[in-house]
Structures are given as structure tokens and as C-alpha cells.
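Me: I should like to go through this structure with you, one topic at a time. Please keep the answers plain.

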Amino acid sequence: IMKVLITGPADTPYANGCFEFDVYFPPDYPNSPMMINLETTGRNTVRFNPNLYNDGKVCLSVLNTWHGRPEEKWNAHTSSFLQVLVSIQSLILVPEPYFNEPGFERSRGTPSGTHSSREYNSNIYQACVRYAMLEQLKNPCPCFKDVIHTHFWLKRNEICAQIEDWIAELSKPLQNERTGRTISFNAMVLRRQYRQLREELTKLAPPEGGDLTEIDYPFNTGITPTTPAVDPTSAVTVGSTPPGKDLPADKDIDDDENDEDPVQDFGEDEDNEVIVKPDEEIAAAAAAAAAELAAAQDENADLSPEEIVLSMV
């Protein structure tokens, strides 16, 4: 048996999730196709796709597990293992998996199809975070442990932004009452899973071996944070994320399913900066502090930022 790990493609409800497959090559391979079983199923509780059953079955014409046109089925002379893996990524892990269900493609572009697809994706979002991210971080397959660790360490900032986009998407109002209730519930579950995922991501240590300094630029402790610009007429930027921190500080997360803007529960904007609504005194003080620091930097170009700040105290 061979094990395969596939990460979900970008711009899909599977993005950055780690999906583990077992592959068995029968004695008469390549006359017969390999047998593939999905192991990432939440212990047989989640059907991630119309083509991925909760018992692990992978439904594809090229595997002869789905009836299709003769040219789509396994061919001992032209079919390959690589073709199967590419088919899983490109034909199954797609942006709108709802329409993979036979006959559902006809509803694409209709209000009913749009609502149903969004409802379907809302369930995949939270299941992906729970089982293809959290579960993989906590209980990775031994043979993929280092790969999974490195994947989430390198992608942690991207993953957080991605999930916040999912939460924002699920927060948009829907006219369909039935799908609206389901989506609201899945959004609530997603926020809870996201909170737990953030906690796990902050625990990750840099992978051993290799120089990842440039790759991990935003989180490199050796990089000095720049002083954010201050606009007294709009908002005061307080404490941009220090490069030494793995993730922005986590504020209280409201699990209320009726929360209109769950992304704002973290008290951060899209650049991971905490925004405080200004009044005239705060804005003036912040502007003065920024000007003082800038002047000190000009006068002490040979000092480090830490030494400059200490000289101002």
C-alpha cells in the first residue's frame, strides 16, 4: 500500500487542507487500475465531495468506480497513476463541488443552484478546517508528519486570511431561509474551529533544516518592524503585528451564529493590525509620538530601533 497526501487547491473549499489517501496496486496492475481510499473522513463521518464518500471511496471513471464514457475509463496502455492524482485535484477538489453530483450541473447559474452550492461549501469549509487542518496538525500520519508541519508553518498566515475570507463569505445575507439557517450554523462551527486552529498554529516551531528566512519574512524575529504611518483624520494604527509573533493576537471570538461580521471578532483589519476609532486627543498624541520617533531615527541613524526607543524614554 502506498500513501499519498494531497493539499487542496487554492480558491476551493479544500484550500490548504491535507487529504490523505491509501493506494493499493493489484497484482495485475496496470491491466487493472489501482484502488484508492480517502483516509481523511472524520472517522467516516464526512462526505467531502459527491465523488468522495464518507467510507473513503473515491468515485472516478478512470478508476472504474464510476460509469463513464469508454474513453474516460482505465486504459492499461494510456492511463497512469499520475493521471489519477491530477484527476482528483482538478475534477474533484473544485471550487463548487455541489455540481459534481450527477444532474445538479443543470442548476448552475440559477438562484436555487447558487443557494445550494453555497450551503454545500459552508459545510466543506468547517469540515476542511476541522479534519484536513486541525486533525492533521494534532494527529498527523507518521510518514507525513514533517511535511504537514512544514506545510502549516509556511502557510499559516495565508491559511488564517483564507479562513477569515470564508467566514466573511458565509456572513453575507441570504434570502433563502432554509439554506440561510444551515449556513449560519456552519459559520458558527467554522469560527470555533478557526479559534482552535489559530492556537495550534501559534505552537508550531520552525521546521528543522534549511534556511527559511526569506520564505517566512513576515514572521522572522530578526526583522525590525517599521513604524506605521499615522493619519490623525481617520484612524490610529496601534501595534502592527511584531515579526517575532507567529500570529496576530487573538481577541475574544463571539460564537453567536447571528454575528453579522465574525471576522471583526478578532479586532483586526486585513493587514492584521488592530484598529482603534480615534478621538482628537488620541490622534494628536499618536501623531506626535510618530513624529518624535521619526526625528529620533534621523538623528541616530547608527543606532538600532530598540536603542532609539530607549534613548527617548
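Me: Is W166 buried or exposed?
Reply: W166 counts as buried, because its relative accessibility is 6%. Buried means under 20% relative accessible area, exposed means over 50%, and partly exposed lies in between, with a 1.4 Å probe and protein chains only.

Me: Before we go on, what kind of model is this, and how are residues numbered?
Reply: This is a predicted model, in which local features need pLDDT of at least 70 and side-chain atom pairs count only at pLDDT 80 or more, while totals for chains, interfaces and linings use all residues. Residues are numbered from 1 along each chain as its sequence is written, and side-chain values use heavy atoms, with hydrogens and water left out.

Me: How many aromatic pairs are there?
Reply: The structure holds 9 aromatic pairs. Rings of Phe, Tyr and Trp (its six-membered ring) pair if their centres lie within 6.5 Å; planes under 30 degrees apart count as stacked, over 60 as edge-to-face and the rest as tilted.

Me: Why is the pair of F25 and F81 edge-to-face?
Reply: The planes of F25 and F81 stand at 80 degrees, with the ring centres 5.4 Å apart, so the pair is edge-to-face. This pair links distant parts of the chain, 56 residues apart: F25 is in the loop between strand 2 (18–24) and strand 3 (35–38), and F81 is in helix 1 (residues 81–92). Helices (H or I, at least four residues) and strands (E, at least two) are DSSP runs, numbered from the N terminus.

Me: And how accessible is F25? What about F81?
Reply: F25 counts as partly exposed, at 28% relative accessibility. F81 has a relative accessible area of 17% and is therefore buried.

Me: What does W166 pair with?
Reply: W166 forms a stacked aromatic pair with Y125, at 4.4 Å centre to centre and 15 degrees between the planes. Y125 is in helix 2 (residues 111–138) and W166 in helix 3 (residues 145–170), so the pair links distant parts of the chain, 41 residues apart. Y125 counts as buried, at 4% relative accessibility.

Me: Which residues do ring pairs link into a cluster?
Reply: The cluster consists of F25, Y29, W74 and F81.

Me: Which charged side chains sit over Y53?
Reply: R47 lies over the face of Y53, 4.1 Å from the ring centre. The charged end of K57 also sits over the ring of Y53, at 5.4 Å from its centre. A charge sits over a ring if NZ of Lys or CZ of Arg is within 6 Å of the ring centre and within 35 degrees of the ring normal.

Me: Turning to helix 1, why does its length agree with expectation?
Reply: At 1.5 Å a residue, the 12 residues of helix 1 should span 16 Å, and its end C-alpha atoms are 16 Å apart, which agrees. The expected span is 1.5 Å times one less than the number of residues.

Me: Which residues of helix 1 are buried?
Reply: F81, V84, L85, S87, I88 and I92 are buried in helix 1. Seen down the helix axis, these buried residues fall within an arc of 155 degrees, so they line one face of helix 1; the arc is that of the directions from the helix axis to the C-beta atoms.

Me: What do the buried residues of helix 1 pack against?
Reply: They pack against strand 1 (2–7), strand 2 and strand 3. Contact means heavy atoms within 4.5 Å. The face turned away from the buried side of helix 1 carries the exposed residues L82 and L91.

Me: Where is N51, and what does it touch?
Reply: N51 is in the loop between strand 3 and helix 1, and counts as buried at 14% relative accessibility. Not counting residues up to four places away in sequence, N51 touches K57, V58, C59, I92 and N100. Its side chain makes a polar contact with the side chain of N100 (3.1 Å). A polar contact is a pair of N or O atoms within 3.5 Å; within protein, one must be able to donate a hydrogen and the other to accept it, and residues adjacent in sequence count only if both atoms are side-chain atoms.

Me: Lastly, how many helices and strands does the chain have?
Reply: The chain has 6 helices and 5 strands, in the pattern β-β-β-α-α-α-α-β-β-α-α along the sequence.
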